[in-house]
Amino acid sequence: MSTTEPAFVVVTGMSGAGRSTAAKALEDVGWFVIDNLPPGLLFSLAEEAGKVNLAADKVAAVVDVRSLAFTTDLNAAIEELDGRGVSVRVMFLEASDDELVRRFENVRRPHPLQGDGRLVDGIGRERGILREVRANADLVIDTSSLNVHELRSKVVSFFGGEDRPGLKVSVVSFGYKYGMPVDADLVVDCRFLPNPHWVPDLRPMNGLDAPVRDYVLSQPGAKEFLDGYEDVFGVVAAGYTREGKSYVTLAVGCTGGKHRSVAMAEEIGSRLREHGMDVQVSHRDMGRE
């Protein structure tokens with residue numbers, strides 16, 4: 001982010017996906033946050049922030065689908081900010097339909113676009129309206145399996161130290177049998193390696209345990225794959241940086257998300273840190289069995 005312009009973040013996404021939690025997390029690490037701001041006022045907010053140096057030049061606006069002509073206004077407003085030299089990033093909060101239904105039912109509130117229909121109807125309308133916004137977002141966070149503390153930790157990890165150089169990378173292991181992470185930018189498939197699940201002594205362990213890690217990393221092709229992917233990711237990361245992308249989610253998968261993907265995700269994360277990247281490693285499905 002430029003030191004002469006405010007660091008400006010737009011927080012948006014699906015209703016019920018955690019926008020309020022994300023906004024509170026930003027406030028806790030020193031951001032000036034305005035909730036429910038119409039897209040047409042984004043540039044005015046950025047302009048005022050630049051004049052008065054609001055919150056050490058760290059300003060966030062929460063924008064939701066209830067604003068009229070939401071997608072047109074938001075995309076046009078972001079283009080205006082970019083065109084006038086304001087460094088802006090868009091964080092999109094996502095969650096599965098089933099999880100959103102569960103959350104709305106728990107709080108006994110209707111979806112803002114539900115009208116006289118069902119919850120799923122409102123969710124479907126919102127997904128359609130937000131499709132382009134999500135496609136253009138700099139950072140997509142899937143909160144389906146996150147509690148409020150885990151979401152807060154992710155937001156703080158990404159935005160708690162904007163002065164740190166380099167690409168911010170989230171490496172997440174997962175199990176294919178539970179579905180791919182919807183917020184993944186890149187996917188690594190580790191199912192070409194032998195599965196420790198079929199080794200009786202290793203089956204109860206996970207990829208964080210030394211015997212499993214050593215077993216996975218010593219398999220034919222593991223080192224060659226890691227060396228090659230390290231080189232490939234370096235090229236991709238350089239391209240992302242040139243294109244102004246500051247955040248990337250790398251998903252590492254195996255069958256159940258317990259052994260191979262965990263060990264490989266930890267190793268990939270370690271290697272990327274050696275290149276000076278800001279890396280967070282998490283394991284979505286470990287312990288799910």
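# Briefing on the predicted model

The chain has a mean pLDDT of 87, and 91% of its residues reach 70 or more. The structure is a predicted model. The largest pocket holds about 670 Å³ of space, while the largest cavity holds about 50 Å³. A search of the whole structure for disulfides returns 0.

**Confidence**

- Among the elements of the chain, helix α7 (residues 210-217) has the highest confidence, at 98, and helix α2 (residues 42-52) the lowest, at a mean of 73.
- Over residues 1-6, pLDDT stays under 50. For this segment the model has 16 contacts beyond four places in sequence.

**Largest pocket**

- The volume of the largest pocket is about 670 Å³. There are 25 lining residues, and those closest to the centre of the pocket are Ser 15, Gly 16, Ala 17, Gly 18 and Ser 20.
- Three helices, α1 (19-28), α4 and α6 (148-159), each contribute at least two residues to the lining of this pocket.
- The lining of the largest pocket comprises 11 nonpolar, 8 polar and 6 charged residues.

**Cavities**

- The model contains 3 cavities of 30 Å³ or more.
- The lining of the largest cavity is formed by Leu 226, Tyr 229, Glu 230, Ile 268, Arg 271 and Leu 272. The elements that supply two or more of these residues are α8 (222-242) and α9 (260-274).
- By class, 4 residues of this lining are nonpolar and 2 are charged, with no polar residue present.

**Cysteines**

- The search finds 0 disulfides. Cys 190 takes part in none, and the cysteine sulfur nearest to its own, that of Cys 254, is 6.7 Å away.
- Cys 190 counts as buried because its relative accessibility is 0%. Cys 254 is also buried, as its relative accessible area is 2%.

**Surroundings of Cys 254**

- Cys 254 is located in strand β8 (residues 247-254).
- In sequence, Cys 254 and Phe 174 are 80 residues apart, yet their C-alpha atoms are 6.7 Å apart in space.
- Beyond its neighbours within four places in sequence, Cys 254 is in contact with Phe 174, Gly 175, Tyr 176, Arg 191, His 259, Arg 260 and Ser 261.

**Backbone with positive phi**

- Most residues other than glycine have a negative phi.
- Asn 36, which is not a glycine, has a positive phi of about 55 degrees. Asn 36 sits in the loop between β2 (32-34) and α2, and its relative accessible area of 44% makes it partly exposed.
- Arg 108 is a residue other than glycine with a positive phi, near 55 degrees. Arg 108 belongs to the loop between α4 (97-107) and α5 (119-136), and it is exposed, at a relative accessible area of 78%.

Technical notes. Residues numbered from 1 in each chain as written. Predicted model: local features only at pLDDT ≥ 70, side-chain atom pairs only at ≥ 80, totals over all residues. Heavy atoms only, no water. Disulfide = S-S within 2.5 Å. Buried < 20%, exposed > 50% of the residue type's maximum accessible area, 1.4 Å probe, protein only. pLDDT = per-residue confidence, 0-100. Helix = DSSP H or I, 4+ residues; strand = E, 2+ residues; numbered from the N terminus. Contact = heavy atoms within 4.5 Å. 1 Å grid on protein atoms, 1.4 Å probe; cavity = no way out; pocket = protein on both sides within 12 Å on 5 of 7 lines; lining within 4 Å. Points joined across faces, edges and corners; volume = space filled by probe spheres on them. Nonpolar A, V, L, I, M, F, W, Y, C, P; charged D, E, K, R; others polar.
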